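Subject: The structure, and what turned up in it

Hi there,

Here is the structure I promised to pass on to you. Have a look at it first, and then read on for my notes.

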Amino acid sequence: MAKIATLITNLFEDSEYSEPAKAFENAGHEVVTIEKSTGVEVTGKQGNAKVITDYGIDDVKPEDFDALFIPGGFSPDQLRADDRFVQFAKTFMDDKKPVFAICHGPQLLITAKTLEGRDATGYKSIKVDMENAGVKYVDKEVVVCQNQLVTSRTPDDIPAFNRESLKLLKK
């Protein structure tokens with residue numbers, strides 16, 4: 001089963017973390033949360049989900065994980081201001097490991113400059129940012145690109161996002 005690195009900080013979209021994390025764990029995968037520091041409590045923007053982070057970014061290496069999960073909300077925009085998170089995400093993309101990004105999650109991948117030439121989707125407010133990064137933006141509930149990258153737009157897309165992410169983890 002896969003060990004999934006999850007980059008998360010305050011103001012993540014509650015359901016975009018909790019529902020995929022539950023689906024991954026129910027399928028036998030390990031979900032590991034990573035923030036700036038170990039043991040920090042982060043809260044979703046709806047206030048419904050609270051997560052105690054497993055590790056700080058300086059305590060982990062991409063090679064220790066099989067896949068990367070980036071929940072949406074305002075979390076990815078905050079994390080992309082920190083080069084450590086950008087480089088962590090870039091390594092997964094460069095190494096062709098599975099990457100799952102929903103809603104605003106692709107913002108971290110934009111900053112990592114890893115989306116050029118890719119088919120992907122995300123929340124409508126980042127469509128222009130994605131296109132400026134060289135993405136072929138597809139307005140669908142889920143887009144799977146090159147058997148590596150799974151992206152979705154909103155909490156309504158979570159069932160499709162989970163389905164395709166779990167399919168990719170089986171390969």
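First, some housekeeping. This is a predicted model, in which local features need pLDDT of at least 70 and side-chain atom pairs count only at pLDDT 80 or more, while totals for chains, interfaces and linings use all residues. Residues are numbered from 1 along each chain as its sequence is written, and side-chain values use heavy atoms, with hydrogens and water left out.

Let's start with Thr 9, which sits in the loop between strand 1 (3–7) and helix 1 (14–26). Helices (H or I, at least four residues) and strands (E, at least two) are DSSP runs, numbered from the N terminus. Thr 9 is buried, because its relative accessible area is 7%; buried means under 20% relative accessible area, exposed over 50%, and partly exposed in between (1.4 Å probe, protein chains only). Its side chain makes a polar contact with the side chain of Glu 35 at 2.6 Å. A polar contact is a pair of N or O atoms within 3.5 Å; within protein, one must be able to donate a hydrogen and the other to accept it, and residues adjacent in sequence count only if both atoms are side-chain atoms. Setting aside neighbours within four places in sequence, Thr 9 is in contact (heavy atoms within 4.5 Å) with Glu 35, Val 42, Ser 75, Gln 78 and Leu 79.

Gln 78 belongs to helix 2 (residues 75–79). With a relative accessible area of 37%, Gln 78 is partly exposed. Residues up to four places away in sequence not counted, Gln 78 touches Thr 9, Asn 10 and Leu 11, and its side chain reaches the backbone oxygen of Asn 10 at 2.9 Å.

**The nonpolar cores**

In soluble globular proteins, nonpolar side chains tend to be buried together. A nonpolar core here is a set of buried Ala, Val, Leu, Ile, Met, Phe, Trp, Tyr and Cys residues joined through side-chain atoms within 4.5 Å. The largest has 30 residues, and the members that touch the most others are Leu 7, Ile 34, Leu 68, Phe 88 and Leu 109. At least two residues of this core come from each of strand 1, strand 2 (30–35), strand 6 (67–70), helix 3 (83–94), strand 7 (99–102) and helix 4 (106–111). Helix 3 gives the largest share, six residues. A second, separate core has 25 residues, including Ala 21, Val 51, Phe 161 and Leu 168.

**Aromatic rings**

How many aromatic pairs does a search of the whole structure find? The search finds seven. Rings of Phe, Tyr and Trp (its six-membered ring) pair if their centres lie within 6.5 Å; planes under 30 degrees apart count as stacked, over 60 as edge-to-face and the rest as tilted. Phe 12 and Tyr 17 form an edge-to-face pair, because their ring centres are 5.8 Å apart and their planes are at 75°. Phe 12 is buried, with a relative accessible area of 0%, and Tyr 17 is buried at 12%. Phe 24 and Phe 69 are also edge-to-face, with centres 5.5 Å apart and planes at 90°. This pair links distant parts of the chain, with Phe 24 in helix 1 and Phe 69 in strand 6, 45 residues apart. Ring pairs link Phe 12, Tyr 17, Phe 24, Phe 69, Phe 100 and Phe 161 into a cluster.

**Strand 11 and its partners**

Strand 11 (residues 149–152) is covered on both faces: Leu 149 and Thr 151 on one side, and Val 150 and Ser 152 on the other, are all buried. Strand 7 and strand 11 run parallel and are joined by four bridges; two strands pair if DSSP finds at least two bridges between them. Ile 102 stands opposite Ser 152. Strand 10 (residues 143–145) pairs with strand 11 in the antiparallel sense over three bridges, and Val 144 has Val 150 as its bridge partner. The hairpin of strand 10 and strand 11 has three residues between the strands, and there Gln 146 takes a positive phi near 55°.
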